[in-house]
Amino acid sequence: MRFVGKGLFVYSDPGAAKAILSQVLQIKKEIQDYRIYSNRVYSFAEKFGLSVETDQYSVSQIFDLYQPNFLFTGTSYTTDYELKFINEAQKRKIPSYSYIDHYVLLKKRFQMKDRVIFPDEVLVIDERAK
């Protein structure tokens, strides 16, 4: 998988945060630009040396202002934060990717109220999860 252009990276869960921040570190020189958003602040994020923005704008405003070429999210089963971004990416026909960092409640991680919202691709931790 090769990411091109401007990336929007989103997480809520601490496990996903580390995976997302690590991914940004790996590819930030290969892409045009990136933005990272979270609805939670974790002290360990500072160790990555990356700027993480919090909810100053609505999800649609973030997409309007930044105009990403792709979305990369973590997954959470306690919040639908990432799902709101996946939903917006789908509306705008922007490719979306999500990383699952744990085996617990796989389907619930993509459930928003009464419907399931899957990204274009789901990346898993290992073969067992696949």
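Let's start in a loop: lysine 93 sits between helix 3 (81-91) and strand 4 (96-100), with helices (H or I, at least four residues) and strands (E, at least two) taken as DSSP runs and numbered from the N terminus. Before going on, a word on what we're looking at: this is a predicted model, where local features need pLDDT of at least 70, side-chain atom pairs count only at pLDDT 80 or more, and totals for chains, interfaces and linings use all residues. Residues are numbered from 1 along each chain as its sequence is written, and side-chain values use heavy atoms, with hydrogens and water left out.

Okay, back to lysine 93. Its phi is positive, about 60°, although lysine 93 is not a glycine. As background, most residues other than glycine have a negative phi. Buried or exposed, then, for lysine 93? Lysine 93 counts as exposed, because its relative accessibility is 74%; the cut-offs are under 20% relative accessible area for buried, over 50% for exposed, and partly exposed in between, using a 1.4 Å probe and protein chains only.

There's another residue like that. Glutamine 67 has a positive phi of about 50°, and glutamine 67 isn't a glycine either. You'll find glutamine 67 in the loop between helix 2 (59-66) and strand 3 (70-73). With a relative accessible area of 54%, glutamine 67 is exposed too.

Now helix 3 itself. How many of its eleven residues are buried? Eight, so helix 3 is mostly covered. The buried ones are Tyr81, Glu82, Leu83, Phe85, Ile86, Asn87, Glu88 and Ala89.

What does helix 3 pack on? One partner is helix 2: the two pack at an angle of about 50°, with their axes 9 Å apart. Those axes are lines fitted to C-alpha atoms, for helices over the stretch in contact, and the angles run from 0 to 180 degrees between N-to-C directions. That makes helix 2 oblique to helix 3, since angles under 35 degrees count as roughly parallel, over 145 as roughly antiparallel, 65 to 115 as roughly perpendicular, and the rest as oblique.

Who's doing the touching? From helix 2 we have Val59, Ser60, Ile62 and Phe63, and they meet Lys84, Phe85, Glu88 and Ala89 of helix 3. Contact here means heavy atoms within 4.5 Å. Sort the residues of this contact and you get five nonpolar, one polar and two charged, where Ala, Val, Leu, Ile, Met, Phe, Trp, Tyr, Cys and Pro count as nonpolar, Asp, Glu, Lys and Arg as charged, and the others, Gly among them, as polar.

Look at glutamate 88 there. Buried or exposed? Glutamate 88 is buried, at a relative accessible area of 11%. Leaving aside its neighbours within four places in sequence, glutamate 88 is in contact with Val59, Ser60 and Phe63.

Asparagine 87 looks elsewhere, though: setting aside neighbours within four places in sequence, its contacts are Arg115 and Ile117. Asparagine 87 and isoleucine 117 are 30 residues apart in sequence, yet 6.9 Å apart in space, C-alpha to C-alpha.

Glutamine 90, again in helix 3, counts as partly exposed at 33% relative accessibility. With neighbours within four places in sequence left out, glutamine 90 contacts Ile117, Phe118 and Pro119.

Finally, the cores. A nonpolar core is a set of buried Ala, Val, Leu, Ile, Met, Phe, Trp, Tyr and Cys residues joined through side-chain atoms within 4.5 Å. The largest has 20 residues, and those with the most contacts inside it are Phe3, Phe9, Tyr11, Leu21, Ile36, Phe70 and Phe72. Two or more residues come from each of strand 1 (6-11), helix 1 (14-27), strand 3 and strand 4. Which element gives the most to this core? Helix 1, with six residues. Take leucine 21: aside from neighbours within four places in sequence, leucine 21 touches Tyr11, Ile36, Phe44, Ala45, Phe48, Leu50 and Val52. Apart from that core lies another, of 18 residues, among them Tyr37, Leu83, Ala89 and Phe110. Leu83 and Ala89 were on our list of buried residues in helix 3, which brings us back to where we came in.
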